[in-house]
Amino acid sequence: MMSVEVGMLPQSVKILIIEDDKKMSEALASGIKAVGYEVLTAGSAEEGFFLVHTQQPDLLLLDLTLPQRNGLEILRQLRNEGADLRVLILTSHNTVEDRVIGLGAGADDYLGKPFSFPELLARIDALMRRFSPAKEVMQLRVGDLCMDRKARTAHRAGETLDLTAREFDLLVYLAAYGGRTVSREMLAKDVWRETSRFTPIDNVIDVQVARLRRKIDDPFSVKLLQTIRGLGFSLREPQP
Amino acid sequence: LTLWPSSNLRTRLTFWYVGLLAVLLLVYATLVFVFQYAVLTKQIAHDEIQDVVTVEGLLYFDGNGALQLRQDYYSRPQSHLLVDRLMEVRDASGAVLYRSSTLNGMGLGGSLEPGEGDADFGERLVRLADGTRVLRISHVHGMSGRQLVIRLGYSLAPLQARMLQFLLVLLLAVPVALVIAGAAGHEIARRALRPVERMASRAEGITATNLHDRLEIANPKDELGQLATVFNHLLDRLDQSFQQLQRFTADAAHELRTPLAALRTIGEVTLQDDVEKESYKEALSSILEETSRLSETIDALLLLARAEANQGAVASKVWPLRQLVDEVLGLLEVVTEEKQILVIHDNGTDCHPKVRADRGLLRTALLNVVHNAIKFSPAGSSLRITYSSLEGVPPLIELEVQDEGPGIASGEHERVFDRFFTSSARETAGQSGAGLGLSVARLVLERLGGSIRFDPQVKSGAACIITLPALIN
């Protein structure tokens, strides 16, 4: 199997979604359940409060624009009460100022709508990992592809791969997600360190992925770097 | 003009006008009164001196040695009754030798003063026992070997009565004049300010729906005309931005509708028939691609809004332009390598000009321009980047990005900067993005005091020319 940084998730992790849009809420719930978390949903602030106090979730996904009360008020009240849970804000108000206000009110992370679902999963994992931080894995392995982070070298089937620095970073980033899909937004932010994603960056990412694929996959029969149309990329052994 | 801040301009103008006029009239009346009094008094003194000279010839001592005044020179006997002359004659010792009947036995002033009448005609204001004020002339006259002092005076009472009348007339006339002036002033102010009222009511009627309406300008040279002109220019600018906003909103709605229509059609077509699992996957993938394009369009719109709101004042630091361009080329290097595009730097000047800018915005603008050039460059071609300095105040740095692509169709050199513009030329079909990249670039560069255009002279490929104000140390 793949050796990944994400590690096994404790089964008891409970996530509460406070979101008034039913479709959004349902889609999020089924997507998050699918990766093994327990999910609760609330359509209003009152319901959310009730669930926070009765169910004690570990993580709250909070929409800021709720019918009766602003999400920020809920957050401030929860923090005043000293509620012990991680909070990830999901909102379409996505300027730097909004982020500062949200984080200032006690949020642990902030994700602007529309976001890519793989990115949401990555953020949730990152927040949950803070409880039991996984140690930095120096050796990564996907199939017969091995990467050494310390020496910054990669091998496949015993052959050394000649990668540029960017290509190596990209490969390690994909490998660290353990077969999960990585979206272009995540790559733009984490590998290219761009603040926003726009057409030129997308183009650069696509070309870079194509070149990486040529180096790590083209000479071999088993293709590891997958493009999932509309979603992004993943590095994994193909399912039989 | 701030004494009555609540009253209107017309009232205040009238008030100040009337107040000023009142002060002027009072000063004028006082001067006239004083001057008139002085002139009349002088006239009386003059008459008295003449009278003294006349009287000198009419005095004589009668047989008893008493001093008499000859009365027979009057043409008519009753005329002497009209003479209200007051006269007294004393000798050097002060004894009264003669006193006119008009004095009714009262003395014309007290006893002789030392040296009285020595110097020609001594003039003095005295008060009789009954309170009448008299202007008195004293004159020393030698007669029959004796020194006589002739004292002669007229009562000032008639003069004072006349002056009082004059004063009353003045005091009555001034308020009347002020009332008339006030009414006239108020009316003049009203007429002068009437254009302001018209402008106000006209301006009040201008709303978003009739922003093209303008104030009428009666006389463009006067102050109110200038005010109206300035106001009309303001309306012009407002109208322009409003129209731009409306166009933009309409464009944006249209552009958002296109991917939405695609989303809807893909969904509907896929759901219509029972299809394979693969077809569903295919449909969902293209839906996701469309949403991704949609959200990029929205991001670009927000960036445009941000660039429009940011007037260059915030977060503007100084950056070497070359460093930013190199960074952008570095980011796009993988694409240029892939297309085997040769990037040629042509640094015309040795200096490394710096520019003042919001780094993120300028970088986005440059990225859009360079990416645009690379996108349309055929494989194996070259991309030439030229820097040159332009003299001027302020000095400008010119950056030219020239590609060997299909170029820009004639007549589209300006339109490529329009929001959501996509070329009608066939060569570029299928390569267009959201159509906002160059609009963003133009907006950002114009905010920085620079410009961007495509050189219409260049026929092979496209040459994008960017100018920016340069800071050379």
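# Close-up views of a predicted model

**View 1. A salt bridge joins Glu216(B) and Arg202(B).** In this predicted model, the side chains of these two residues come together with N and O 3.7 Å apart. The pair links distant parts of the chain. Glu216(B) lies in the loop between α3 and α4 (223–272) of chain B, while Arg202(B) belongs to helix α3 of chain B. The two residues are 14 residues apart. Glu216(B) is exposed, because its relative accessibility of 53% is over 50%. Arg202(B), at 35%, counts as partly exposed.

**View 2. Helices α1 and α3 of chain B pack together.** Two packed helices are described by the angle between their axes and the distance between the axes. Helix α1(B) covers residues 9–58, and helix α3(B) covers residues 157–204. Their axes are 9 Å apart, at an angle of about 160 degrees. An angle over 145 degrees counts as roughly antiparallel, so α1(B) is roughly antiparallel to α3(B). The contact holds 24 nonpolar, eight polar and two charged residues. The crossing of α1(B) and α3(B) is right-handed.

View 3. Glu290(B) has a relative accessibility of 13%; that is under 20%, so Glu290(B) counts as buried.

**View 4. Arg69(A) and Glu73(A) make a salt bridge in chain A.** Their closest N and O atoms are 3.6 Å apart. Glu73(A) has a relative accessible area of 40% and is partly exposed. Over all chains, a search of the whole structure finds 37 salt bridges.

**View 5. Strands β10 and β11 of chain A form a hairpin.** Strand β10(A) spans residues 225–228 and pairs with β11(A) in the antiparallel sense. Four bridges make up the pairing. Thr227(A) stands opposite Phe233(A) in β11(A). Three residues lie between the strands. In the turn, Gly230(A) has a positive phi of about 85 degrees.

**View 6. Both faces of strand β11 of chain A are covered.** This strand runs over residues 232–235. Which residues lie on each side? Gly232(A) and Ser234(A) are on one side, and Phe233(A) and Leu235(A) are on the other. All of them are buried.

How values were computed. Residues numbered from 1 in each chain as written. Chains lettered and ligands numbered in written order. Predicted model: local features only at pLDDT ≥ 70, side-chain atom pairs only at ≥ 80, totals over all residues. Heavy atoms only, no water. Axes fitted to C-alpha atoms, helices over the stretch in contact; angles between N-to-C directions. Parallel < 35°, antiparallel > 145°, perpendicular 65-115°, else oblique. Left-handed = near helix turned anticlockwise from the far one by under 90°. Nonpolar A, V, L, I, M, F, W, Y, C, P; charged D, E, K, R; others polar. Salt bridge = Lys/Arg side-chain N within 4 Å of Asp/Glu carboxyl O. Buried < 20%, exposed > 50% of the residue type's maximum accessible area, 1.4 Å probe, protein only. Pairing = 2+ DSSP bridges.
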